[in-house]
Amino acid sequence: MPFIAASRERIRVGYISKFDGYISGLSIDDANNYEKLSPGTIFIFINGDNEVKYLNIDEVNALTSRDLRRTKPCNVGPSPCGPPAINFFGGGGIGAAGNPVIDGNGTIIAIDVVNSGFGYVTPPSVSVIDPCNNGNGAVLEPIITDGTVDTVIVQDGGSGYLPSTQPPSNTDGGTSSEYPTLVTLTDVIVTNPGINYLPTDPIVITPNNGTGLTFELDPFGKVNSVKVNPGGNFTSLPDIYIDSDTGLNARFIPVFDVIRDPLVAQLADPGEVVQVFDLIGLQITGYVDGKPYYGNVFYDNGIKYAGIRNTGIRVYESIQESITKEVQPIATQQIQPQPQPETEEDPTDVSEPVTDTLTVERAETRQTTTPTQNVSTTTTTTTTSTTSSSPSPSPSPSSGGGGSYGY
């Protein structure tokens, strides 16, 4: 097979269409032509390391053949076997990624969706890639909402997959390859309603871990639905069945919610925590009690807390701050207005305040606010008139939009 050198002409990008999902294969010229019709479009580029990048048109034009080359070194030596990788493909979208949560028996019990992706028209297919072929049999079903992967239902967890075994290290500044999670039962799907069950038959979950289940039947004794109240934390796949002398064939699938990086002391007993191997590369969102924190954060009056509300658990920006509980002051630089040159008429300068350029970068979009320019007006008094010229009004500041996904 002949070697094809990387060149700028081979660069291809895509974008998200509201009606057609992920559109790929655009050259740089195609991207410029589309951006003229839809200003502010965010384009999607996959570099040589197979990383998904979200770029505006200026960043697309700055791409070179170097961006098509692999920068990470290839591991040509023997590597130890580890947990499997989850690969999303198809469905008209791009970007979905997740880490498998594997119990001590080698069964996949849940998928931690790290990135929901964009532009999915139909649920993508999911494959489980086991580098050493130790495990097999897992069947995963993604659920999409508004073009993104909301969750993944584990129809069959398979067997033989290698779980994370080593405890996470906190001595490397939070770059450990594993992170802790809580796996909480939130729903039970009825895959086979069975028949001839009685309302008095008990539904059993083993182990129950404090979880209570109830069910509803139709007139023929078929199971319509199962309600979870409350949901407990699990480290292995539970067995769910209805203990009945008359009913038979009902089958159920437990559905779990993965709470990433819980604060064990506040939320759960250490025995309820499952370690997950981080194949995706999560971003640390802060530090708590000297440990890296990967979970959700909530801002209340400018203070960052762990969770989706004010839990009272403070998240700090550095390890030192999280240990001392003291926020280090951030050095600020005052911007002094430039002095205006003096003139013979001794003018009076009136300047608008200067606003720094603020750039906010996210995984999905980039937003940039344009700085307000200094506007000076000069009042000049002449010897032939007793009336001074009125200062002209200052223009209002403008702000740049964050762009769209080609909608």
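**View 1. The disulfide between Cys 81 and Cys 132 in this predicted model****.** Because Cys 81 sits in the loop between helix 2 (57–61) and strand 5 (85–89), while Cys 132 sits in the loop between strand 8 (125–129) and strand 9 (136–145), the bond ties together parts of the sequence that are 51 residues apart. The torsion about the S-S bond is about -95°, so the disulfide is left-handed.

**View 2. The aromatic pair of Tyr 15 and Phe 43****.** A pair of aromatic rings is described by the distance of the centres and the angle of the planes. The count for the model comes to four aromatic pairs; in one of them, the rings of Tyr 15 and Phe 43 lie 6.5 Å apart from centre to centre, with 85° between the planes, an arrangement that is edge-to-face. This pair links distant parts of the chain, since Tyr 15 belongs to strand 1 (residues 13–17) and Phe 43 to strand 3 (residues 43–46), 28 residues apart. Both partners are buried, Tyr 15 with 11% relative accessibility and Phe 43 with a relative accessible area of 0%. Ring pairs also bring in Tyr 34, which forms a cluster with Tyr 15 and Phe 43.

**View 3. The aromatic pair of Tyr 54 and Phe 118****.** With ring centres 5.4 Å apart and planes at 75°, Tyr 54 and Phe 118 make an edge-to-face pair. Tyr 54 is part of strand 4 (residues 52–55) and Phe 118 is part of strand 7 (residues 108–118), so the pair ties together parts that are 64 residues apart in sequence. Tyr 54 is buried, having a relative accessible area of 8%, and Phe 118, at 13% relative accessibility, counts as buried too.

**View 4. The largest cavity and the residues that line it****.** The structure holds one cavity of 30 Å³ or more, and the largest cavity contains about 40 Å³ of space. Its lining is made up of Ile 109, Ala 110, Ile 111, Val 152, Ile 153, Val 154, Pro 254, Val 255 and Phe 256. The elements that contribute two or more residues to this lining are strand 7, strand 10 (148–159) and strand 16 (251–260). By class, the lining residues divide into nine nonpolar, no polar and no charged.

How values were computed:
Residues are numbered from 1 along each chain as its sequence is written. This is a predicted model: local features need pLDDT of at least 70, side-chain atom pairs count only at pLDDT 80 or more; totals for chains, interfaces and linings use all residues. Side-chain values use heavy atoms; hydrogens and water are left out. Rings of Phe, Tyr and Trp (its six-membered ring) pair if their centres lie within 6.5 Å; planes under 30 degrees apart count as stacked, over 60 as edge-to-face and the rest as tilted. Helices (H or I, at least four residues) and strands (E, at least two) are DSSP runs, numbered from the N terminus. Buried means under 20% relative accessible area, exposed over 50%, partly exposed in between (1.4 Å probe, protein chains only). On a 1 Å grid over the protein atoms alone, a cavity is a set of points where a 1.4 Å probe fits but cannot get out, and a pocket is an open set with protein on both sides within 12 Å along at least five of seven lines; lining residues have an atom within 4 Å of a point. Grid points are joined across faces, edges and corners, and a volume is the space filled by probe spheres set on the points. Ala, Val, Leu, Ile, Met, Phe, Trp, Tyr, Cys and Pro count as nonpolar, Asp, Glu, Lys and Arg as charged, and the others, Gly among them, as polar. A disulfide is a pair of cysteine sulfur atoms within 2.5 Å.
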